[in-house]
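Trainee: I have a new model open on my screen. How do I start to read it?
Mentor: Begin with the overall make-up, then go feature by feature.

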Amino acid sequence: MRKIFSVAMLIVGTMIGAGFCSGRELVSFFGSHISIFVAPICGVCIFFICVLFLSVGRFVQKRSFGEVNRKLLGKFRVVADVLLLLNSTIVLGAMIAGLDSLFSPVVPVPVIGTAAAVVCALIAAKGLGGLLDCNGIVVPVIIVLLLAVTVGSLKNGDLASSVGAFSLFTLPAAITYVSMNMMLASTVLTTVGTLTRKQIVAGSLIAAACITLLMALLITSINCTGNFDAEMPVLQMASSIGRGARVVLSISLGTSIFTTMLSAVGGLSEYLRALGGGKLFSGVVTVLAGVALSRLGFVRVVSLFYPMVGVAGFFYLGVCVAFVRKKSGKRKYGKLYGTTEKAT
């Protein structure tokens, strides 16, 4: 049960970074007056993609996403490597910029994000166990704090406008949104190779349920308050409630940024180590790449790069689906004919 919970919290912690908790991602992908139906649509997509990536990890049994890609694509792995490296770097840059933006009223010099990235590199150096342990402790705290602020905000908003408008654009936008977020998760989830089928389904279900609930509350609160143009709509919403709410949400945002940053740093540094780089070299290169991209600013990174990564992610999802179907077929025929290969 502990393993299931740890993996579920790793998934949640990877997805609910600065873009998610601040509401910026939701506004960038779905515009103003977001449909409440976005939450369950995304939840279903998250469940199936988590099952997909964890199943890949179960079949492949590798520690680095570069090694996973070698199994998936062979000599063409470089295409997937570039996609995932780009995605992880973009997310890392956005998290560093988001943390600097969050603390800018207190620390005007952008150093907080860099310091957090260094701490992430130290934790990631311990391997997958360090990521699971950290998320298992921190993510439940984030969920509780975010629930408290979003529920509290509903008292001051217009609930009549909270449902939002559903359109045909909602479905492809939701799929692209989940694809973008899960690309970062793939760099970690495809390296978790110790779960059974039941554990994979249970962990994915818990993670999807948590994210669906949080997303529904975020959408409702953003629609109620109408802070669509703010850099961090939810933070703006918390400020209107009171100083205490802003402090609580700032803590939640900061910790959620940290958990997403941790997954990005973990995937990048593990990839570099698999290529022969030492822990120190891998950590330094990872942090420097994220800091360089963060200088574009939080809103610019999220608005420009996130949708592009989401669309590109469809390619990787297709590859993973084909791989899992092939492996599942071999196992099925192996049991039937007493061999590990599919009969011809």
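Mentor: The chain has 14 helices and zero strands. Keep in mind that this is a predicted model.

Trainee: In what order do the elements of the chain run from the N terminus on?
Mentor: They run α-α-α-α-α-α-α-α-α-α-α-α-α-α. Next, look at which residues touch. Of the contacts between residues at least 6 apart in sequence, 85% join residues at least 24 apart.

Trainee: What percentage of the residues of the chain count as buried?
Mentor: Buried means under 20% relative accessible area. The chain has 344 residues, and 56% count as buried. Its accessible surface comes to about 14,500 Å². Carbon and sulfur atoms hold 68% of that surface.

Trainee: How should I think about a core?
Mentor: In soluble globular proteins, nonpolar side chains tend to be buried together. Here, the largest nonpolar core has 110 residues. Phe-20, Phe-53, Tyr-177, Met-215, Met-261 and Tyr-316 have the most contacts inside it. Helix H4, residues 38–60, gives the largest share of this core, 16 residues.

Trainee: Which residues is Tyr-177 in contact with, leaving aside its neighbours within four places in sequence?
Mentor: Its partners are Met-15, Phe-20, Glu-25, Leu-26, Phe-29, Phe-30, Cys-42 and Met-215.

Trainee: Back to H4. How do I check the span of a helix?
Mentor: Compare the expected span with the distance between the end C-alpha atoms. The rule uses 1.5 Å a residue, so the 23 residues of H4 should span 33 Å. The end C-alpha atoms of H4 are 33 Å apart, which agrees.

Trainee: Why is H4 described as largely enclosed by the rest of the structure?
Mentor: Because 19 of its 23 residues are buried.

Trainee: What follows H4?
Mentor: Gln-61 does. This residue is found in the loop between H4 and helix H5 (65–73). Now the general idea on phi. Most residues other than glycine have a negative phi. Phi of Gln-61 is positive, near 60°.

Trainee: How do I tell whether a helix has a buried side?
Mentor: Start with the turn. An α-helix has 3.6 residues a turn, so residues three or four places apart point the same way. Now take helix H7, residues 112–124. Its buried residues are Gly-113, Ala-116, Ala-117, Cys-120, Ala-121, Ile-123 and Ala-124. They cover an arc of only 160° around the axis, so they sit on the same side of H7.

Trainee: How many disulfides does the count come to?
Mentor: A disulfide needs a pair of cysteine sulfur atoms within 2.5 Å. By this rule the count comes to zero. Take Cys-45, which is in no disulfide. Its nearest cysteine sulfur, that of Cys-42, is 6.4 Å away.

Trainee: Is Cys-320 buried or exposed?
Mentor: Cys-320 counts as buried, because its relative accessibility is 0%.

Trainee: Where does Gly-283 lie?
Mentor: Gly-283 lies in helix H13. Its relative accessible area is 10%, so it is buried. Gly-283 and Ala-125 are 158 residues apart in sequence, yet 7.9 Å apart in space, C-alpha to C-alpha.

Trainee: Which residues does Thr-286 touch, not counting those up to four places away in sequence?
Mentor: Thr-286 touches Leu-92, Val-265, Leu-268, Ser-269 and Leu-272. Its place is in helix H13, residues 279–294. Thr-286 is buried, with a relative accessible area of 2%.

Trainee: Is Met-237 buried or exposed?
Mentor: Met-237 counts as buried, because its relative accessibility is 0%. Its place is in helix H11, residues 233–241. Met-237 and Ser-221 are 16 residues apart along the chain, and their C-alpha atoms are separated by 8.0 Å.

Conventions: Residues are numbered from 1 along each chain as its sequence is written. This is a predicted model: local features need pLDDT of at least 70, side-chain atom pairs count only at pLDDT 80 or more; totals for chains, interfaces and linings use all residues. Side-chain values use heavy atoms; hydrogens and water are left out. A nonpolar core is a set of buried Ala, Val, Leu, Ile, Met, Phe, Trp, Tyr and Cys residues joined through side-chain atoms within 4.5 Å. Buried means under 20% relative accessible area, exposed over 50%, partly exposed in between (1.4 Å probe, protein chains only). Helices (H or I, at least four residues) and strands (E, at least two) are DSSP runs, numbered from the N terminus. Contact means heavy atoms within 4.5 Å. The arc is that of the directions from the helix axis to the C-beta atoms. Accessible areas come from the Shrake-Rupley method with a 1.4 Å probe; for residues, only the protein chains shown count as cover. The expected span of a helix is 1.5 Å times one less than its number of residues.
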